[in-house]
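Thanks for asking me to look through this one with you. Here are some notes to read alongside the structure, written for a first visit.

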Amino acid sequence: MAKIHITTSINGEATEFLCEPHETLLDVLRNDLQMTGTKEGCGSGDCGACSVTVDGRLTCACLVLGVEAAGREIGTIEGIGSSDKLSIIQEKFLEHAALQCGICTPGLVVSAQALIEQNPNPTEAEARYFLAGNLCRCTGYDKIIRAVLDAAATMRGAA
Amino acid sequence: MARVTFSSEQQRYTNEVACEVSAADYRELIDHITQRYPALSRADLLQMAIAIDGEIIHQPLLERIEPNSEIHFFHFVAGG
Amino acid sequence: MSEAREFKYIGQSTIRPDGFDKVTGRANYGADLALPGMIWGKILRSPHAHANIKSLDTRRAEALPGVLAVATHSDFPSVSDQAIESGEGSLTLLDLARNVLAKDKVLYHGHAIVAVAAKTAAIAEQALALIDIEYEVLKPVLDVREAMAAGAPLLHADMFTQGLPEKPTTASNVATRLEFKMGDIEAGFSAAEVVVEREFYTPTAHQGYIEPHACTVRFEKDGQSMIWCSTQGHFDVRASTAKLLGMELGKLKVIASEIGGGFGGKTTVYLEPVALILSRKSGRPVKMIMNRDEVFKATGPGSATRSWVKIGAKKDGSITAMQGRLAYEAGAFKGSPVMMGCMTAFTPYAVANMYVEGFDVVVNKAKVAAYRAPGAPQAEFAVEMLINELAVKLGRDPIDLRLQNAAKEGTQTIYGPKLKRVGLVECLEAARDSKHYQQALAENQGRGVAAGFWFNVGGQSSVHINMNPDGTGTIVEGSPDIGGSRASMQMMAAERPCIAPSLLKPIIGDTENVAFSAGTGGSRTTFATGMAVIEAAEDVVAQMKQRAASLWNVTAEQVDWADGVAINLAGEERLSLAEICASADRTGGQISGRGNINARGAGPSFAVHLCDVDVDKDTGKVDVVRYTAIQDAGKAIHPKYVEGQYQGGAVQGIGWALNEEYIYSKEGLLENAGFLDYRVPVASDLPMIDTIIVEVPNNFHPYGVRGVGESGIIPPLAAVGYAVEDAIGVPVTDLPLSPPRVFGLIQGSR
């Protein structure tokens, strides 16, 4: 089947690509656009390693077709922080040692940013339930939650 | 004389729990043991880990044995 | 050698040097490498748990446009039955080859049979459907009892049980019988005034790493081949793959990508040899990635076990006898960690009379691989549950009873040596004095205490520290960094030269540019690679002093080193490390220090965990409301990463205790091969995991380090298991304690 031409915007940058109809947004990001920051852990929306935003909505990229990106604004880990400065969330992850192998970290950073945007003052329980879709096997979540709550507090203070 | 204690597995071949050996290093020790207990081969022994006075050593060969050393054979342990 | 001492850099929780890459998504993991001309490999896997392959025809698949190569077991050169070190003990080459690609017989649901490489992953998948394969389906065995019963279907016609007093004449599913003993077990039980005994079951559980296995490989006609893969041990990948394909080690370069979790599951090979064959046959680089379904079905989970344990004690609490019989599922090929279960189960206790019998049993499930302290969690679950039952029977506090019988320096172990200095008593005391232990329980709540022991290993590590003219440097080491160990290497390298850790950049070399290093596992990295780093740093300092001496025209003995500076003891001059590096080209060339060791004296790490649970009696749901993980680290180089190991191990153990299990149909098909139904803990399941780092130094390491990665998964099974028993007042025997099981226990007792 012929590839489909898609025009979209990724991290604020106009982007176009060709993809097969069956390709997921995750396949497109990783294989067609060489944006490997978004990770595949399960391909079925159960682990959150592929967390991205589509028109501002937190989504698993493995559950979205590449063609659905047409005309939308996609947000990935590559768009968080700038080339010379990490975001507060990213800094707090490092400070709190909230990562060990780091494979879940990009997805968690994207999800944590969505959480704090929606709820600038989350309780521990709210943070845990919001992030329940991001699996981590290394840390037991303790330091991740501490980092996220600390980031939220810092961002409230800085605001 | 160094005192050598066999693993439970090895004991089935040696019919003894332990023995006394005079050897300057591990290589000599193996020679003595394989001579005394023909059912234990050099290859078998080189597969084992040992503890010399409680210090665990994998893949030994040239380790020095002191006159009063306590040596234990046991199976190499891997981790995950 | 190393009592409590002042360190300048060791013991801080520095920002890890690879941190920026990890939080930005820049770090490259196993699936992140693309090469020009790359094609994709996929694997056809068995739909049956046990079957003979009657015929196999790949011609239609090969004819599909876009397919460039097909591989089967016959593409391995004839492999002989030699043991190969692949990170989990001895595994015959024949078994490894047959697991990687099935020969004649498939032995578990998901067993790899044929591999196809094509221009796109989609074409490769289509080609799989064109493979003509005929099976003769056989009855599977799915449990140790079934497998050990007379008349059971046999997986291997040539398997004769090793370790029996008489060599058997009939084949069996029992690969090995082991026996460990100490003292006189019958006398021990005769002396006992109270006896507890129970049978337990633990299920097949997966390490659950979030990153599936992945590799990109290139086989070159001139024989210079390359594998990029996610692995805990790239030298092991090289060794296994080279042996399987009949290649010289020097012709195969293996690069360890960043690794997204392993926990022991990535200490062997699955895709790499297959991908290399496909690359050889197609003349193109090949990428192979497992999907999550394949990871669950066809990699190496941790053994399911059935155990029986019996413990006898006097009324005063002194334990007189400990006995066990442990049967572990090895999966399709021999090699479960039953031996390590036998060796660790009773080791937290100083008891004169012990006897353990172990069985390594094959069943029609995936071949097991190492899973964090392999073999120990399952066995210790049984022991710790009974110690808690014993405490109740004796009317004793469970920590106090353990203190009375605790292993210490000089305690004779069942596996041979006496323990050197260890920290179990200190961990138990910390547990007893903890805030957690003082908290009262509410209604419907229960508390469990449990201990655990792991040896930790040493082994080979190689490091060079290459200095630059500006006084910065690179630490080249060979231990794939699973958990942040690079940060600790930086501190250990900086301590003796006494320069800022951030000046030294740690990198993980590949098999060509760093000398041999055993894999990352066995809790060895901070201990053994750390030791090699320290030795390399000492070498750098020695050379710095030499250069300073030659510049000052004195002998090296007249030069001291302190605070990053060489000091002329025979005069007034000083030279900083940066100054010496700046003139190094004129004093003999840039300085490079090395440490190549086979580390000895790994110190065991004891752990004690406390768990409080709340049980909803109407649904059987168990919530962990309070958890404390206490463990002896010897010396915590990077305290936050040490805490992280305690917390991660605890949560894997909590998952294993409460919800994780492989669910099979009667035909042996795996029904829950995904994260939805293989239920690992998620953030909303858990409270904060409190930790207490105990430091009883290991005198065999310059800084007192003990490995900590593994012990933390051992206590949780019983800490959680007994907490539930305490809450519902019903004995617990089987894991996981998922709601239906707990509800059943509650209902059954009414």
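Predicted model: local features only at pLDDT ≥ 70, side-chain atom pairs only at ≥ 80, totals over all residues.

1. Strand 27 (residues 622–632) of chain C runs parallel to strand 28 of chain C, and 6 bridges join them.

2. Now widen the view to the sheet. It is an open sheet of 4 strands in chain C, with the order 18-26-27-28 and mixed pairing. Strand 18 (445–454) and strand 28 (689–694) of chain C are at the edges, each pairing on one side only. On average, neighbouring strands of this sheet are turned by 15 degrees against each other, direction ignored.

3. Which helix lies across strand 18, strand 26, strand 27 and strand 28 of chain C? Helix 13 (residues 424–433) of chain C does, running at about 25 degrees to strand 26 (605–615) of chain C. Helix 20 (residues 716–728) of chain C also packs on the sheet, where it touches strand 18, strand 26 and strand 27 of chain C. The direction of helix 20 makes about 160 degrees with that of strand 18 of chain C.

4. Next, the chains together. There are 2 pairs of chains in contact, and chains A and C share the most contacts. Chains A and B do not touch: 14 Å separates their nearest C-alpha atoms.

5. Between chains A and C, 46 residues of chain C are in contact with 44 residues of chain A. Helix 19 (639–658) of chain C gives the most to the chain C side, with 7 residues. By class, that side of chain C has 22 nonpolar, 16 polar and 8 charged residues.

6. The contact between chains C and B takes 35 residues from chain C and 19 residues from chain B. On the chain C side, strand 9 (174–182) and helix 10 (338–344) each supply at least two residues. Strand 9 of chain C has the largest share, 3 residues. By class, this side of chain C has 14 nonpolar, 12 polar and 9 charged residues.

7. Finally, a look at chain A. In helix 2 (residues 88–95) of chain A, the buried residues are A:I88, A:I89, A:Q90, A:K92 and A:F93. Their cover includes helix 3 (105–118) and helix 5 (142–158) of chain A, together with helix 1 (19–24) of chain C. Just after helix 2 of chain A, A:A97 takes a positive phi of about 55 degrees.

Methods
Residues numbered from 1 in each chain as written. Chains lettered and ligands numbered in written order. Contact = placed C-beta atoms within 7 Å. Buried ≥ 20, exposed ≤ 12 C-beta atoms within 10 Å, placed from the backbone. Nonpolar A, V, L, I, M, F, W, Y, C, P; charged D, E, K, R; others polar. Pairing = 2+ DSSP bridges. Axes fitted to C-alpha atoms, helices over the stretch in contact; angles between N-to-C directions.
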